[in-house]
Amino acid sequence: MTGAATSRERGHPARIRRAPATAPLASSRVGATVIDAGVGNIGNLVRALRHLGAEVEITCDPATIRASRCLVLPGVGAFRPPREVLRGAPEEAMRAALDDGATLLGICIGYQLLFDSSEEFGTTDGLALLGGRVTELPGGVPLPHIGWNRVFGVADHPLLEGSTDDDHYYFVHSFAPEGVPEESVLGRCRHGRSFPAITGHGRVAGTQFHPEKSGAAGLRLLRNYLAWAHELEGGNGATAAGD
Amino acid sequence: MRATIEPTGLTRRIIPCLDVAAGRVVKGVQFKNLTDHGDPTEAAARYAAEGADEIVFLDITAAPERRDTDLDWVRRTAEQVFIPLSVGGGVRSVDDGRNLLLAGADKLGINTAAVAEPELLTRLAERFGSQCVVLSVDAKRRDDGTAGNGPVWEVVTHGGRTPTGLDALEWIEEGIERGAGEILLTSIDSDGTKEGYDLELLRRASALSPVPVIASGGAGTLEHLADALETGAAAVLAASIFHQETYSVGAVKEYLGRRYPIRIQTGASR
């Protein structure tokens with residue numbers, strides 16, 4: 001349990017009741033814009049967001065991205081194809097939305113796209129919304145890194161309310177960021193090397209793992225994200241009674 | 001301080017297996033005498049809440065009857081269960097695989113179709129990635145009497161009814177070369193007996209496989225599960241002990257977690 005959760009409960013003792021962190025959000029209008037860069041199956045992410053009560057739109061239309069408060073950038077496969085899809089108008093729309101106070105969550109390849117560059121199949125520039133570069137994990141361990149691994153050193157951050165250093169998440173990847181400023185690292189994982197599994201700076205954040213496949217811990221993170229993006233009370237599993 | 005740091009925090013996985021026939025969970029002994037064990041979505045949701053690391057569905061009617069896997073229960077399950085879902089049975093083409101993945105499956109189990117057409121493994125891996133492709137191998141022990149050569153296992157298909165003449169260990173090696181990202185290895189001799197996994201088979205398969213081997217067939221006690229992990233298997237799959245509530249997933253993980261890295265889900269229902 002994080003300190004933030006406790007102080008929030010103390011601040012509004014009469015208005016807050018606990019709800020399962022994986023239960024749908026109480027608020028009736030929680031939108032999420034899933035940016036579809038045409039890179040494979042995003043169905044399970046959409047299903048998870050809908051399960052949490054979000055109204056999900058799936059798009060790569062710049063005007064829709066521009067108008068969103070809550071952006072999610074998924075991705076599976078390789079770095080370069082979605083990078084090229086985003087280059088130009090979709091990327092400019094994402095930046096403009098962020099300048100207006102929108103939040104952005106990148107997942108897996110969508111997470112890697114947030115950094116300065118990737119070395120997968122030669123160096124490709126990223127969106128440079130987070131500092132660091134994406135490199136291949138070292139040998140000596142099975143690659144790709146597939147399965148449940150522990151994320152430790154979790155920071156005090158809205159995404160991670162209710163999280164502990166014992167939580168495991170589901171990973172499928174061979175590359176991961178390095179050279180990330182320490183103050184942006186929100187949680188680390190170990191596979192061959194220690195790498196930032198969750199990174200956040202300002203209203204941009206991302207996870208190398210798939211929260212939509214990480215059971216209760218993953219759903220809690222997504223729920224926290226929706227609450228953070230929409231500035232709802234109690235992203236940590238508390239909901240405002242009577243809303 | 002010189003504490004040994006493991007190079008990875010990856011955990012061993014505990015996987016309840018749901019054999020599905022006509023949209024219902026079933027279980028039999030050596031694929032015969034099937035009994036009803038309820039709705040697949042409800043069972044998967046219950047196991048996920050207990051802390052299952054993955055759910056494997058095997059549509060055991062799909063291959064013998066040559067009908068498509070019913071996708072509706074896959075869709076319903078994916079809407080409620082947010083851990084990796086592997087679905088096998090009836091995947092005979094890239095289109096079959098695509099339909100299953102769109103319905104919400106994360107992994108495709110390929111068994112009979114891969115024996116009939118090994119190139120299917122490669123096509124699926126190239127299209128969806130090896131992490132999606134699970135080669136499911138049903139192995140039957142053949143004591144052929146060749147002194148000193150040890151036991152030999154033959155690949156059987158169609159729910160154990162059809163011998164193939166393939167050596168199981170050689171087939172596993174070929175399947176990995178062709179693109180399988182994981183091996184689900186079932187001992188047909190042990191399946192449903194609750195007398196323990198075929199440890200010799202698992203030991204040999206784990207030694208030769210660079211990809212994860214999932215132990216399947218024969219789990220009856222907690223010690224059986226530990227024995228299987230001791231062979232080097234990355235995951236243990238079980239059905240009867242979970243369906244008959246001999247052990248909860250949580251109890252299994254608590255036991256195995258004393259000896260192996262295991263994901264303990266905080267707040268899991270018991």
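These are my notebook entries on a predicted model with chains A and B.

**Entry 1: confidence**

For chain B I noted a mean pLDDT of 89, with 89% of the residues at 70 or more. For chain A the average pLDDT is 88, and 85% of the residues score at least 70. Residues 1-17 of chain A have pLDDT below 50, and the stretch makes 23 contacts in the model beyond near neighbours in sequence. Residues 235-243 of chain A are also below 50, with 38 contacts counted in that way. Where pLDDT is low, predicted coordinates should not be read in detail. I therefore leave the detailed geometry of such stretches alone.

**Entry 2: a sheet in chain A**

I traced an open sheet of four strands in chain A, and the order is S7-S6-S8-S11. Its pairing is mixed. Which strands sit at the edges? They are S7 and S11 (175-178) of chain A, and each of them pairs on one side only. I also checked the pairing of S6(A) with S7(A), which is antiparallel and runs over two bridges. Within this pair, Ser117(A) is opposite Asp125(A) of S7(A).

**Entry 3: the loop between S6 and S7**

I moved on to the loop between strand S6 (117-118) and strand S7 (124-125) of chain A, where Phe121(A) is placed. Phe121(A) is not a glycine, yet its phi is positive, at about 50°. Is Phe121(A) buried or exposed? I find 9 C-beta neighbours inside 10 Å, so Phe121(A) counts as exposed; the cut-off for that class is 12 or fewer.

**Entry 4: a cis peptide bond**

I looked up the peptide bond between Leu143(A) and Pro144(A), which is cis with omega at about 0°. Pro144(A) belongs to the loop that runs between strand S8 (133-136) and strand S9 (145-150) of chain A.

**Entry 5: chain B overall**

I turned to chain B and listed its secondary structure: 11 helices and 12 strands. The chain has 270 residues, and 54% of them are buried. I also looked at contacts with a separation of 6 or more in chain B, and 64% of them join residues 24 or more positions apart.

**Entry 6: Lys194(B)**

I checked backbone phi in chain B and noted Lys194(B), a residue other than glycine with a positive value near 60°. Where does Lys194(B) lie? I place this lysine in the loop between strand S10 (182-187) and helix H8 (199-208) of chain B. Lys194(B) has 17 C-beta neighbours inside 10 Å and therefore counts as partly exposed.

**Entry 7: two helices of chain B**

Last, I took the pair formed by helix H1 (residues 40-50) and helix H3 (residues 72-80) of chain B, whose axes come within 9 Å and cross at roughly 30°. H1(B) is therefore roughly parallel to H3(B), because angles under 35 degrees fall in that class. The crossing of H1(B) past H3(B) is right-handed. I listed the residues that meet here: H1(B) brings Pro40(B), Thr41(B), Ala44(B) and Ala45(B), and H3(B) brings Trp73(B), Arg76(B), Thr77(B) and Gln80(B).

Terms used
Residues are numbered from 1 along each chain as its sequence is written. Chains are lettered from A and ligands numbered from 1 in the order in which they are written. This is a predicted model: local features need pLDDT of at least 70, side-chain atom pairs count only at pLDDT 80 or more; totals for chains, interfaces and linings use all residues. pLDDT is the predictor's confidence in each residue, from 0 to 100. Two residues are in contact if their C-beta atoms, placed from the backbone, lie within 7 Å. A residue is buried if 20 or more other C-beta atoms lie within 10 Å of its own, exposed if 12 or fewer, and partly exposed in between; C-beta atoms are placed from the backbone. Two strands pair if DSSP finds at least two bridges between them. Axes are lines fitted to C-alpha atoms, for helices over the stretch in contact, and angles run from 0 to 180 degrees between N-to-C directions. Angles under 35 degrees count as roughly parallel, over 145 as roughly antiparallel, 65 to 115 as roughly perpendicular and the rest as oblique. A crossing is left-handed if the near helix is turned anticlockwise from the far one by less than a right angle, and right-handed if clockwise.
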